[in-house]
Amino acid sequence: MSEQLNVPTMEQYMAEGKQPEILFWVGSAGSYDDRAKKITKAFVKILNKANVDFAVLGAEESNTGDVAKRAGNEFLFQMQAMMNIEVLNAYEVKRIVTCDPHSFNCLKNEYPSLGGNYDVIHHTQFIKELMSSGRLSTEGQTYKGKRITFHDPCYLGRANNEYDAPRDVLKTTNATLTEMKRHKSTALCCGAGGAQMFKEPEKGDMDINVLRTKDALETKPDIIATGCPYCNTMMSDGVKFNEKEGEIQVLDIAELIANDQ
Amino acid sequence: MEYIPNILFAIILVLGIGYFARNVKRLIRNIKLGREVDTSDNTSERWRNMIRIALGQSKMVKRPVAGILHIIVYIGFVIINIEVLEIIIDGIFGTHRIGLTVLPESVYGFLIGAFEVLAVLVLLAVIVFWTRRNVVKLKRFLSAEMTGWPKNDGNIILYFEVVLMCLFLVMNATDTTFQEANSGNIISQFIAPWFGDNADTLVIIERTAWWLHIIGILIFLNYLYFSKHLHILLAFPNTYYGSVEPKGKFNNLEAVTNEVKLMMDPNADPFAAAPEGTEEEEPAKFGASDVMDLNRVQLLSAYTCTECGRCTSACPANLTGKKLSPRKIMMDTRDRLEEVGKNIDANGGEFKDDGKQLLGDYITNEELWACTTCNACVEECPVSINPLSIILDMRRYLVMEQSAAPMELNNMMTNIENNGAPWPYNQMDRLNWAKEE
């Protein structure tokens, strides 16, 4: 990504006495993980392209506590949540967009009862919104005719019933969308959720991401599209396990859209 | 002497219903061992869920073969039971087919005809079910937890249904008045010839079938409490009390909120005496290690589970050979709850510590840590059971009461505590990505 990204912080907005249209919650993976950072940058590219007045918290952002909560550490979760809520409320944040369905779910559903009430959306929903309001469009050339299969993230799909936004956005690339046998509400988890990302799996006869990648490979895809940084890692590893990394790309929807400008 | 059958009938009826009522009371008491949970919200949505999911069987048909067959058995069961009403009236008052007297013959014929058709459909469905369990050997009926009693239970229920349906048809076929009226004997007219035309024999067979039918129904009713089959009743309250929130929303523990607020309040005095009236309160236990720590909806769900295994067959951990099975979580919860209930009964209404608990004695840490919290089990359950909520509550106990998380998770959590990310990166570097090429 050679072009300069414009990433203003809330602090800068505050200093100028302005409010951005939306806060981009980058999340821990999006901030530090090398693969996820590419997704973050692709999404910023989209935001810049659509002239979205956005800001990030930068060093003032801290982990949502989602993964601690799912690991059973409610204390740590609530500590993190209350710290973040203090920052978000101090900046009078109204609307939040994030590329991580786990942050999305946590901010949207679990922060309100602790005093954090925001309109939280997933980046695929925001991209769809930008497209339908005419602020963003795709060329429809880069992926024309390519076979793309979308892997539903659990925390976007089953957890929050959003199955259409990612698919609607993908359609604009003119790619051929194929569905895995398990999709939407019956989609199989990539294996990373519930803090599994940070530990070795229990004894079994297969890793979950390998099974899920098998589902994807059955659709003979050129690209496996994801909407979650953790799913992206798991599916990439699954593709490598099958030695298909030469033929099949695993890309986030933000990357697909950013590449098709 | 002529009232003996009536009296006998009334006694059997009272015994059958009375014993069932006793067990229902026990069931309610056991459920109330759980923590209270506020379910007074969203009343209309809750009713809608119950009507759609339990009454309307909306989630059953997601798997069409089992779903449609199940609907046949369900409708058959509900409708044929109207016939039981007639049996009870006849039994108590010594009448014979009171319906024929009070209803126009065509209406009565239509009703019984419908029952007979349904009885045959139920028989066919039950045969398919039996075949799926015992011949086709569907994977989800062969899991480790489905041996012994759970396996036999599944089959016994099917045998019960076969016997009850056959008795109903035989009863109709050998009832000469009913056959002579020739209205509604759609199926039984073809069975009638098998029993010959000796009037005395027919009466004996008819009476025997009639008595066995009603006794069978009462036995079946009382079998429910000991069986996974309780779902025919509990599916209704369970879908009512089931969550009306997005599946991703996990509850925030209030006890934790209070402590965290205290910790974050710069003016709070940690050594201050508890406010008046709260002194006697035991410190809250975080999470669940036994059934009493779970909430009442979770315990109701444990009794509601009919062990169909749709949850387990969709669980990513289970599909990849891990020990976790969401169905087993529910079965273990019920087994332990029953054990606690029996303990209370044996000790004069008071639970005596038996040195056992749900965690460890029934559900292992290995199972709990295999869960990805993906909600596939919750999505699959046709009666709104949430095994994930129990897994989460038990993880909470492991982490907050026992500090017993796997080491890698402890490292991850220490990182979050220290630098606000699951990895050991400096929080001040959180925006570095924006400057990197």
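Predicted model: local features only at pLDDT ≥ 70, side-chain atom pairs only at ≥ 80, totals over all residues.
The interface to start with. Chain A puts 58 residues into the contact and chain B puts in 55. On the chain B side, the elements that each supply at least two residues are α11 (254-264), α14 (316-319), α17 (365-369), α18 (376-380), α19 (387-401) and α20 (407-419). By class, that side of chain B has 33 nonpolar, 11 polar and 11 charged residues.

Now chain B by itself. There is a domain 1, 4-31 + 63-230, and a domain 2, 254-269 + 284-423. Their C-alpha centres are 39 Å apart. Between them, 14 residues of domain 1 touch 18 residues of domain 2. On the domain 1 side, helix α1 (residues 4-31) gives the largest share, four residues. That side consists of five nonpolar, three polar and six charged residues.

Over to chain A, helix α8, residues 164-171. Its buried residues are A:A165, A:P166, A:V169 and A:L170. Down the axis of α8(A) they fall within an arc of 130°, so they line one face of the helix. What do they pack against? The partners in chain A are β4 (119-122), α7 (123-132), β5 (147-150), β6 (176-178), β7 (223-226) and α11 (253-259).

Last, B:G349, which sits in the loop between α15 (326-346) and α16 (358-361) of chain B. Is B:G349 buried or exposed? Exposed: 8 other C-beta atoms lie within 10 Å, and the cut-off for exposed is 12 or fewer. From B:R97, B:G349 is 252 residues away in sequence and 46 Å away in space, C-alpha to C-alpha.

How values were computed. Residues numbered from 1 in each chain as written. Chains lettered and ligands numbered in written order. Contact = placed C-beta atoms within 7 Å. Nonpolar A, V, L, I, M, F, W, Y, C, P; charged D, E, K, R; others polar. Buried ≥ 20, exposed ≤ 12 C-beta atoms within 10 Å, placed from the backbone. Arc of directions from axis to C-beta. Domains from an automatic or database assignment.
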